Amino acid sequence: MKKLESSLTNMALVLTAVAVIMGAVLAFVNDMTSGPISAQKEKTLADGIKAVLACNDLVVTRTDTVRQNDAKGKELTYIIYQTQDAQGQDLGAAVESTVGGFGGALKVLVGFDPEGTIKGYTLLEHAETPGLGAKADKWFQKGEKGDIIGKSPAEPLTVSKDGGQVDAITASTITSRAFLLAVNNAYSAFKATPVDGTTGATTHNEN
């Protein structure tokens, strides 16, 4: 077999062939893993909804999308999961709320009872500093230093450093502010949720 000459054309052909093969391999791997990854995200969300509403036997009866503008005019999107218990009683809703944290996007799932009192929360995504801002997953839980469970954000929750009633995470005031902003925004979206039962309904409100 004749050896390929070391020319620019041959090098380009080889590189193109390698790129095509690698592209095919990556597409195959992506196709094989996308299903399990999606299923895991769905399970994480389902478990999160049960956790923040403190009920293992519930049904999501409706999912709404609410869009609101923040103080800077940026449109933010919230997903609201309306729920009922096994007896058909209204449990309230779990709300997905995302803001910018110290290290990146901070996505919080907050559970509210029908009156708007916080029943629980969990972090769905964050890029906060391990050992500092990452403590938000525990710091604001019931019985902890920054406990917000049982509170209502009808009056926005703020850290004590800003004259509020919530103790900030030690050495992580920025993350604490971002977290409480996500909770306050979630409450605002919860209160703006349509009551006509229209799935995917959208509202635009100025904060």
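Which strands does helix 3 lie across, and at about what angle does helix 3 run to strand 3? Before I answer, the ground rules. What you're looking at is a predicted model, so to speak of local features we need pLDDT of at least 70, side-chain atom pairs count only at pLDDT 80 or more, and totals for chains, interfaces and linings use all residues. Residues are numbered from 1 along each chain as its sequence is written, and side-chain values use heavy atoms, with hydrogens and water left out.

Okay, the helix. Helix 3, residues 173-191, lies across strand 1, strand 2, strand 3, strand 4 and strand 5, and runs at about 135° to strand 3. Helices (H or I, at least four residues) and strands (E, at least two) are DSSP runs, numbered from the N terminus. Angles run from 0 to 180 degrees between N-to-C directions, with axes fitted as lines to C-alpha atoms, for helices over the stretch in contact; contact means heavy atoms within 4.5 Å.

Five strands make an open sheet, ordered 1-2-3-4-5, with antiparallel pairing. Strand 1 (58-69) and strand 5 (118-125) are the edges, each pairing on one side only. Two strands pair if DSSP finds at least two bridges between them. Strand 3 (residues 90-100) and strand 4 (residues 105-112) are joined by eight bridges, and Glu96 stands opposite Leu109 in strand 4.

Last stop, Gln82, in strand 2 (residues 75-85). Gln82 is buried at 12% relative accessible area; buried means under 20%, exposed over 50%, partly exposed in between (1.4 Å probe, protein chains only). Leaving out residues up to four places away in sequence, Gln82 touches several residues, including Val60, Gly92 and Thr193.
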